[in-house]
There are 2 protein chains.
Amino acid sequence: MQHTITFTQPDSPTPIVVQVPTNTLLADAAHLAGIEIGQPCGGQGRCGRCAVQVLEGSVRRRSTLRLSTEAIEQGFALACQTVVEGDVSIYIPPQEKIERKLTTDRVVAEVTVPEGYEYLNDQTVRRIQLELTPPSMDDQTDDWSRLQTAFRLGQRFEHMTCSLSLLQRMGDILRAGEWNVTAVVDVANILEDSESNRSVRLIDLQPGLVDEYSPLWGTAIDIGTTTVSLWLVDLVTGQVRVQVAEYNGQIARGEDVISRIMYASKSGGGDDLRQRVLATINHLAETACKRVNAKPENIVKATIAGNSTMMHLLLGIPAGSIRLSPFVTVVNHPPVLAARDVGLNINPEASVDCLPGVASYVGADITAGVLSSGLDVAEDITLFLDVGTNGEIVLGNHDWLVTCACSAGPAFEGAGVVNGMRATQGAIEEVWINGETFEPTYRVIGGGKPKGICGSGLISLLSETFLTGILDKAGNVNLMASSSRVREGAHGGEYVVAWGAEAESGEDIVISRVDVDNLLRAKAAIYAGFTVLADTVGIPLESVSKVLVGGSFGKYINVEKAVQIGLLPDLPWEQFDFLGNTSVKGAYSALLDWRKREQITDIAKRMTYIELSADNSFYDAFTSALFLPHTDLYKFPSVVAALEEKSIHVDK
Amino acid sequence: MQHTITFTQPDSPTPIVVQVPTNTLLADAAHLAGIEIGQPCGGQGRCGRCAVQVLEGSVRRRSTLRLSTEAIEQGFALACQTVVEGDVSIYIPPQEKIERKLTTDRVVAEVTVPEGYEYLNDQTVRRIQLELTPPSMDDQTDDWSRLQTAFRLGQRFEHMTCSLSLLQRMGDILRAGEWNVTAVVDVANILEDSESNRSVRLIDLQPGLVDEYSPLWGTAIDIGTTTVSLWLVDLVTGQVRVQVAEYNGQIARGEDVISRIMYASKSGGGDDLRQRVLATINHLAETACKRVNAKPENIVKATIAGNSTMMHLLLGIPAGSIRLSPFVTVVNHPPVLAARDVGLNINPEASVDCLPGVASYVGADITAGVLSSGLDVAEDITLFLDVGTNGEIVLGNHDWLVTCACSAGPAFEGAGVVNGMRATQGAIEEVWINGETFEPTYRVIGGGKPKGICGSGLISLLSETFLTGILDKAGNVNLMASSSRVREGAHGGEYVVAWGAEAESGEDIVISRVDVDNLLRAKAAIYAGFTVLADTVGIPLESVSKVLVGGSFGKYINVEKAVQIGLLPDLPWEQFDFLGNTSVKGAYSALLDWRKREQITDIAKRMTYIELSADNSFYDAFTSALFLPHTDLYKFPSVVAALEEKSIHVDK
């Protein structure tokens, strides 16, 4: 039976009407009406962000999690959990805008071309000028054979392959160039010196002889769960000419990988996510190309890093098995594909190289990170940590590498925390609290009124509230503290960081007991990961001589505070290195130099993956780490000293 | 400025109305209206078959070739040469129906499986059952690596490739089969023992263990300019299970390759022709599969023969250079492609192998024909001839091969002859004429009233009219003959084969002086081809010990009569062999056995192509052959004997 669903929205005066059968989800009906409702949890009914208001008509709510009784009385319902039972009129409240902000101002990294980079030795993509003998009645060789002969003479390539699409254009291009053409070929197969394939692949053919020193464009891409970064690189000089980044368009369909996998498993969900990340990458490529007066179709090679879920979703490969025991991917090392097949709007024949991952939760972002951090060639025992929406850890040196993944959740990216937000304009990024008055001082990204607290702000806040005694080591709020900022709130005890009057929204910005619990679980998962890895190889964490932190997470946090809450091991600050986006850096190295590319494959093979969910010691380590900074204070001597300095009782 | 064009048709009571701008071709306007007007000459204004009647309104005729003054007065205009200048009303006369006739009744050839065919030795496509170890927490290998490992263990394949599309389905297939799967792989690269590629390619993956003796489907296809033939083959047993054929859907856009190339060069023309031949092949594949309860997607390999123009049009490669000096193709030997890229509705990953050709007018139909005729391994000097819409000739033995192409034109397929038609129901296929009364006896295909004369009928008629003195050696009609059947017609002298009363149309079926000239030019081109080839290698035509005739043309003609008109060299009839469709037979051999496939590549390399248009001796040979049977009667002793027997003066 069909029902009439009428949608009204704040920004549009005209209602939109669609017809759907009984039991259609409101989210699907809205999609049909062309209205996008954000589903940060991937449509699992967990986040409550897709709530809409039923003005009239009959619906059935499968779940009302996160909706207050009052809201339900006002007609609110979760679009992802509510089905229609008759004609219905729906009001869609203003949606959280996910800005497509090009964060070039914050992410630009100083990148120098690797020392000794030589295009003709290192690069797998080559541009070759060819002057062919025109055909005549005495030489009626076909165009394709003529081209191959010219290649063989000049380059000693034994065998060349070519797509049907290029064959279709070949005759016209050769004639337009009057038998002078410039070819771009992928020679990876002959460089790798493997027995498997001795052929080069034709990527592009242009009429005329193109200046051999003009740029030949490639791109290194990191697909983060939250942010996609793209570097546009001139493969001739090796220079990074443009760096751009923006939010992954999939965010509207889930903030973490699990939500994305859940959403992808719904009908049409996988394709929706695939198109969203493609749209993000294609937009970045277009933006980057504009800055150097190039066109996206001039990009002839792309090297892509990203976690295993991102890689599956990009390629349209079902990711469901990643989420379910025994947690395997469909593919850790995808074959090199043509851009046409992947769906990238660059040169359709461009080689798209998705870097190899190790396991469901240790993907190519980590192997690329290990490469760019130098961990795999380190003399001394080194710890590599990448905290994004998940936390991945690698421990090792040039002899051995062990790795694990902790489902830290996106708490440090601001999700799961009432006043949490991403590190953009208006986020409180650092907090200091006066130990006597409990009054805070804070710094806001971009200045202006605060809107919420981002990851580095939360770490800072957790540390300060602990060191000033507002929180005890179990994370309980000390309601005896003599300050109006410490109070009983809707979610238990809370501390007010900013009063409503100073805040953008006019409402108090607080951190509550529930928020603290989420943060403790996140940091405990990561610390437990360190512990298990170190135990696996039988070394104490203290013997680590270097801690390398990748991801944008590491760029803005204060090591001292991260140690104080027990997120990072208690080592001298000079042993920490914050490397920024190690994933895109690794992709850039692999894009330029085929030996580096081989090295990543080697890294992926060398890494021993420890599955924490199958590891009995993990739960113990996690439980012990659910405290500030840890149950075992002997592991955190610097924190003990700091507490003692502030005369706070330490209960070892 | 937009004009209203109103089309009326005999079969539909309602007129169709479209709006088009000034100067739109009537053919394009009709296409827009969904009305297909046949253009056998490819829209060059040469054949006159697209004539329509302008009932009202203003048009401009660019050309009126083939239209009588009377017809023009009645409003007739060539749809391919006439543009609109205002609102127009058009009547579309009944169109010649190109029947999609499955000619299985006539083309079925007895085919035996090649002696000693062994699927596991000869075939490049293999079906392999695999029992994988399911993943567990102790073995989290990704699906793709797991599959490759299973392959390597069982088959010793070093390296395997796989399309993105299969990767997308792989996880679900492995799980649906509970880790038992049946894979189909293309192992051509490792069989050829070439250094270029050592990998096998995954074509198909099915859940569960498929019976290894059940059919594995492949197809051999010959794309003729007129007819497309498709054989459905069980690759396991090697048996041809179904043979089907039907007219190439491109016929409506030109009857010969030149017309097709002209049409393809128009905007959208190439794509139209590509889609038409794909529709024909896909329909044949569907029909063939139905007969054995298979599905087209079960076909995992296709081997295709056809002339160079057909190959270019199939693959969407511009064919313009074939027509223009220096007559080169874009590609003589296309790479093996996936069915998905070609556009065949069989298994999307099926290997589509387009066989190699030699030159613009000696294509893969001829190399395949040489293979199946055995010419390339013959001890004695052998002549191979394939007459379809073009005539291709190969002369040689196991030591050497020379080849040329004669633009015979489609006269022997009934085109260019007023009462000519294809060899279908109603065609006069053989004629005998009484030497005294000049009264004919004839045989009609399918019995019933005659509609016209097909190729074998024309050869027979030419020979009989010549031997009875109705035609002289120059092709002039002897108007002095005492029979009402010999008369002066609209196109000069003519002979009436069937009176209107006996004919289907009610009008006399005749052969005129103009028809005779067309037929003489066609046969002279072919005979001149023999002459030039023999001269090139310096041997007399008489030293040829075998004449092999391929193509459906040879199946129905009478050798004696073909010799009498000087189409075939005057050799004893036991030296002629009529082989039927040698092209599809060659494709079948290559489909089954990779060594035969290699042999075709070798044949293509060995064949020396003689370009007749660049050969001065060709014109002389052609002129000498423009007579019945030839200027030089010493070349045709048996014809001289026949004439003398009939007391006809022979002017040697």
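This is a predicted model: local features need pLDDT of at least 70, side-chain atom pairs count only at pLDDT 80 or more; totals for chains, interfaces and linings use all residues.
Residues are numbered from 1 along each chain as its sequence is written, chains are lettered from A and ligands numbered from 1 in the order in which they are written, and side-chain values use heavy atoms, with hydrogens and water left out.

**Stop 1: both chains**

**Stop 2: chain A as a whole**

How many helices and strands does chain A have? Chain A has 21 helices and 27 strands. Helices (H or I, at least four residues) and strands (E, at least two) are DSSP runs, numbered from the N terminus.

The radius of gyration of chain A is 28 Å, close to the 26 Å that the globule rule gives for 652 residues, so chain A is as compact as a globular protein of that length. This radius is taken over C-alpha atoms, and the globule rule is 2.2 Å times the number of residues to the power 0.38. The C-alpha trace of chain A spans about 100 × 70 × 45 Å along its principal axes.

Of the 652 residues in chain A, 60% are buried. Here buried means under 20% relative accessible area, exposed means over 50%, and partly exposed lies in between (1.4 Å probe, protein chains only). Among contacts in chain A between residues at least 6 apart in sequence, 67% join residues at least 24 apart; contact means heavy atoms within 4.5 Å.

**Stop 3: two cis peptide bonds in chain A**

Select A:Ser325 and A:Pro326. The peptide bond from A:Ser325 to A:Pro326 is cis, with omega near 5 degrees. A:Pro326 is found in the loop between helix H11 (320-323) and strand E14 (337-338) of chain A.

Next, select A:Leu628 and A:Pro629, whose linking peptide bond is also cis, with omega near -15 degrees. A:Pro629 is in the loop between helix H20 (616-624) and helix H21 (637-645) of chain A.

**Stop 4: positive phi angles**

Select A:Trp179, in the loop between helix H6 (164-176) and strand E8 (180-186) of chain A. A:Trp179 is not a glycine, yet it has a positive phi of about 70 degrees. With 10% relative accessibility, A:Trp179 counts as buried.

Then select A:Asn293, in the loop between helix H9 (269-291) and strand E13 (299-306) of chain A. A:Asn293 has a positive phi of about 55 degrees, and it is not a glycine either. Is A:Asn293 buried or exposed? At 74% relative accessibility, A:Asn293 counts as exposed.

**Stop 5: A:Val544 and its surroundings**

Select A:Val544, in the loop between helix H15 (513-537) and strand E25 (546-550) of chain A. At 2% relative accessibility, A:Val544 counts as buried. Which residues are in contact with A:Val544, leaving aside its neighbours within four places in sequence? They are A:Ile381, A:Thr382, A:Leu383, A:Leu395, A:Leu571 and A:Gln575. A:Val544 and A:Leu383 are 161 residues apart in sequence, but 6.7 Å apart in space, C-alpha to C-alpha.

**Stop 6: contacts between the chains**

Show chain B again and select B:Met137, in the loop between strand E6 (125-131) and helix H5 (143-155) of chain B. B:Met137 counts as partly exposed, at 27% relative accessibility. Leaving aside neighbours within four places in sequence, B:Met137 is in contact with A:Ser325, A:Pro326, A:Phe327, A:Glu611, A:Ser613 and A:Ala614.

Finally, select B:Arg175, in helix H6 (residues 164-176) of chain B. B:Arg175 is partly exposed, with a relative accessible area of 30%. Apart from neighbours within four places in sequence, B:Arg175 is in contact with A:Ser321, A:Val328 and B:Asp143.
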